[in-house]
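This briefing concerns the side-chain interactions of a single protein model. Please keep the sequence and the structure in view while reading.

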Amino acid sequence: MLRTILTTSLAILALGGAAQAADTPLWIWNSPTASNNQTVCFRKNFTVDAVPASAKLMVTGDNHAAVFINGVKVGSSDEWKEPVSVDVAKHLKAGSNIIAVEGRNDDGAAAMVAKIVLKGKDGKTTEVVSDASWKSGEKTDGWEKADFNDATWKTSTAIAKLGSDPWGDVFANAGKPGAGSVIAADNLQLLPGFKAELLYVVPKSEQGSWVALTADDKGRLIASDQGGAGLYRITPPPVGGSMDDTKVERLTVELGSAQGLLYAYDALYVSINGKHGKNGAGLYRAKDTNGDDQFDTVEQIKAYRGGGEHGPHAVIKGPDGRLYVCAGNHTDVPEGIDTFVAPKIWQEDQVLPRHVDPNGHAANIRAPGGWIASLDKDGKDWRLLSVGWRNQYDIAFDTSGELFSYDADMEWDLGSAWYRPTRVCHVTSGSEFGWRTGSGKWPAYYPDSLPSTIDIGPGSPVGIEFGTEAKFPAKYQRALYILDWTYGTCYAIHTEQKGASYTATREDFIYGKPFPVTDLTIGKDGAMYVAIGGRGTQSALYRLTYAGSESTAKAAPLTVTPEAKLRRSLEAFHGKQDPAAVKAALPHLGHSDRFIRFAARTALEHQPVAQWQDQVLAEKSPLARINGLVGVARVGDKAVIKDKSYAAALELEPSALDLTAQLELIRAIGLLTVRMGLPDPTTAQKIAVKFDALYPSNDPYLNRELAGLLAVLGSPMVVQKTVERMGAEEIKAAENMEPLVKRNDGYGRVLAELLGAQPQAQGMQYALALSAATNGWTPELRKKYFTWFIDAEAGGKGGNSFKGFLRVIQKDAMSKVPEAERAALAPDKLTAGVKKAPPAPIPTPKGPGKNWTMAEVEPLVKGKLTKRDFANGKAMYQATQCAICHRFVSEGGAVGPDLTSAGTKFSPKDLLESIIDPSKVISDQYATSSFITKDGLMVIGKLMGEENGSLLIATSPLDPSQTTLVKKDDITTTAPMKVSVMPPGLLNRLNQDEVLDLIAYLISGGNEQDKMFAK
């Protein structure tokens, strides 16, 4: 409705001189119906007598909208629930103005809605709103500019009023980022004195989801999208300025898909995690050669084999001027390494049978796993520094020149004996951190690896950075900041020098919900910049500054401890042969500091073994001899030194050693059995007798190692002793996981359930050990042993692979049982007489169903995910049998992605699309392939690993344990399958309410208290 408004200090005049009152904005389009992938442009001319004090603009579109004021783009939205909300007063001028909006539809219903609230200097307000008078037409050159001639454009079609279904009142929370998927800065939890600012909300359809940051020499930032959207340069406003003043530009250089960025030496180094345009995974350098402030040349420094989220990661500059790079366990050590500071002698080194993940994750990945290397600024002189990582995303140096990283856990292993939490590690020269696939991960006490500085707990490690250059108080300048993507937390790790290494404590520095942090950097202004996003989620950029009363003067650098100086002197012999190395290293092989012992042994391993093997085997110090045995096992010639090594081990009395030496001796003997073979029966019996006297001990970890070693050596006593302990001795999780429960609705409840029903991790290790035992079995002991598996699977809740591991261990153990005894050990025989509740019937949808399409379902989801029925949603989840393939909260399979946090990671549209058209996007992690042999045989399945020259292929999508071996040399063609194992049409038995209840159930993460279920 149009009417005349009396003149004030601000008058807003519509076309023809009439003024517009505060009418309800209308959703508009160019016609009553929309086409898929349609773009429609809208224009509205209005006049102002004077520039207003404020002009709050709100615009959104289904599915996308980009808005311009007088030809200047002021914002965009790719999610209709998250409108553009920005003050555009600075873009207005006295007189005629034009607002132009580009609306773009993906599929289904389409419309655009807009509103400007103008406030004069006298405090009075008036509005410009979208209605049928707005002109609409096709996108053409200059369409958004004020001087564009839109005479041929038609008036728009009113679709619905703001507040109507299916969209509701989308402007109710505009300008409050916390209401959508981007949390407002004021809603972040910070330490006293620190302040957060939201600088930029990334338009997802144009600029992707940012996962890497670096600062250049002009105070600007550079960010990379995880996918193919490229690189962006950000000029932040002054501290305390408006987010509207944040300037973002797309760099013209064709690089992106980076999980590591570094600006140094007048160049941009880019670590690409996969293919971006013509560039594959690798390390690249871009330069500006003509001075136009754009990178115009690109060179590949090193190609990498492997990519994805476990692929190439950070690139940083070290205090020595060299570059340091890292990659996760799905990326091979690159070719052309000049120096192996970490000796190239790695093996799997599994004493007990090793089982790969029963769901196939990293099943074919072998040592050394993830790695860290250094190189000079021109990409030469590559040195491999550290190995044995799972998926460390970033690395950082402290002020004493020591390197740190933050490694990932395998959350599917939660509850198992070999689960290792995310952890911060001190990365020393030649270090090994013991990641091995499946059940083969090394415990922290193995002498051939190094321990963590601090264990953090479950999570997804991403960017890290020391606060050295931050304008923070001294304590926080010295802190290491680590980001956890899953639980939306930035921790401040406060390290403390201890001997040759460090101890540490942690503190929650920033956290929020949702706050999927990806990377951070310290800017030239001394502020901390933090990006959120990842995996296609909504991305944004925040800035953190200190405004408290403490001094932010530059903190003094750390001094190097005497022990660290000694360690470094030994590390100088790493990666080369030096006549002085043996003399320098031998006196420290039994040092009380573990990092010094490790450095000394590594120095010896780089020297000809004949120069030192006899000396270490004759060492009087038990620790020195034990660590010498570790070195001899790793590099010695078994034909020469095997018997001498076992003899040297036998001379040690385990009962006279402390716990550290006992654990290290067991590992040393275990390495001898792996690398050189079992000792002769007499020697094996003598060793077993010595360790039988210790077992069981008062230490649960010593018991684990004793059970394994005694089983391998054939002790006749180990079976009875171990079966008696199964289920009676437990190690509870050391880390406090309670705070994490509240920071992620999906995974938080999984952790809560795990804390309430922790599985028998110690018994699991005993079960694994006894699967290798050949002596001492009786029918009664076997019955107790196999009954334990039934109780363990029923009584505890673990990660996604917990039950699968129980089953593969049980299967392996059963294969070693005499055929005549197996029938009596079948589960139905072991549980005879035990009453079981009948399985609950699978719910049946009421229907009637239909062939649901995205065009039909998406509009329903947009407006009707309120007052839903939780119980019915849960029933429809069971009716569609999603749990067969997907884990949800703490139950289900692992053929497909874990759906626990689907609602926080994906929009309803994305979730629907994956159900209705599962083959549109198939994750590498769950993809299958076809393998064709030279005989014409085709095998379709998922590659699980390699055994003795044959590929192990899981051929049943519902049971990864059903495998087929195909000789690698016989395979002529391997190709990914373009059809998902998930069948389409799973919704087609459901009626409308059943579909909506199911989607609400999934988005809520199974949370009955979610507001979608409020009545």
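The points below cover charged pairs, aromatic rings, charges over rings and nonpolar cores.

The model is predicted. The count of salt bridges comes to 44, and the structure also holds 34 aromatic pairs. The largest nonpolar core has 104 residues, and a second, separate core has 33 residues.

**Salt bridges**

- Side chains of opposite charge can pair when their charged atoms come close.
- Aspartate 216 and arginine 220 form a salt bridge in which the closest N and O atoms are 2.9 Å apart. Both aspartate 216 and arginine 220 are buried.
- A salt bridge also joins aspartate 381 to arginine 322, at 3.0 Å from N to O. This pair links distant parts of the chain, 59 residues apart. Aspartate 381 lies in the loop between strand S29 (370-375) and strand S30 (383-389), while arginine 322 lies in the loop between strand S26 (312-317) and strand S27 (323-327).
- The relative accessibility of aspartate 381 is 26%, so this residue counts as partly exposed. Arginine 322 has a relative accessible area of 11% and is therefore buried, the cut-off being under 20%.
- Glutamate 793 forms a salt bridge with arginine 807, and their closest N and O atoms are 2.3 Å apart. Here the link runs between helix H16 (residues 779-795), which holds glutamate 793, and helix H17 (residues 802-815), which holds arginine 807. The two residues are 14 residues apart.
- Glutamate 793 is partly exposed, with a relative accessible area of 21%. Arginine 807 is likewise partly exposed, with a relative accessible area of 45%.

**Aromatic pairs**

- The ring centres of tyrosine 324 and phenylalanine 397 are 4.9 Å apart, and their planes stand at 75°. The pair is edge-to-face because planes over 60 degrees apart are counted in that class.
- Tyrosine 324 belongs to strand S27 and phenylalanine 397 to strand S31 (residues 395-397), so the pair links distant parts of the chain, 73 residues apart. Tyrosine 324 and phenylalanine 397 are both buried.
- Tyrosine 476 and phenylalanine 509 form a tilted aromatic pair, with 6.0 Å centre to centre and 35° between the planes. Tyrosine 476 is in helix H2 (residues 474-477) and phenylalanine 509 is in strand S39 (residues 501-511), 33 residues apart.
- Tyrosine 476 is buried, with a relative accessible area of 10%. Phenylalanine 509 counts as buried at 1% relative accessibility.
- Tyr476 and Phe509 also belong to a cluster linked by ring pairs, together with Phe194, Phe472, Tyr481 and Tyr546.

**Charges over rings**

- The charged end of lysine 317 sits over the ring of tyrosine 265, at 4.5 Å from the ring centre.
- The ring of phenylalanine 598 has the charged end of arginine 601 over it, 4.7 Å from the ring centre.

**Nonpolar cores**

- In the largest nonpolar core, Phe691, Tyr785 and Phe786 touch the most other members. Helix H9 (residues 659-675) gives the most to this core, with eight residues.
- Leaving aside residues up to four places away in sequence, phenylalanine 786 touches Gln810, Ala813, Met814, Val817, Leu825 and Leu830.
- The second, separate core includes Ala196, Ala479, Ile510 and Leu544.

Key: Residues are numbered from 1 along each chain as its sequence is written. This is a predicted model: local features need pLDDT of at least 70, side-chain atom pairs count only at pLDDT 80 or more; totals for chains, interfaces and linings use all residues. Side-chain values use heavy atoms; hydrogens and water are left out. A salt bridge is a side-chain nitrogen of Lys or Arg within 4 Å of a carboxyl oxygen of Asp or Glu. Buried means under 20% relative accessible area, exposed over 50%, partly exposed in between (1.4 Å probe, protein chains only). Helices (H or I, at least four residues) and strands (E, at least two) are DSSP runs, numbered from the N terminus. Rings of Phe, Tyr and Trp (its six-membered ring) pair if their centres lie within 6.5 Å; planes under 30 degrees apart count as stacked, over 60 as edge-to-face and the rest as tilted. A charge sits over a ring if NZ of Lys or CZ of Arg is within 6 Å of the ring centre and within 35 degrees of the ring normal. A nonpolar core is a set of buried Ala, Val, Leu, Ile, Met, Phe, Trp, Tyr and Cys residues joined through side-chain atoms within 4.5 Å. Contact means heavy atoms within 4.5 Å.
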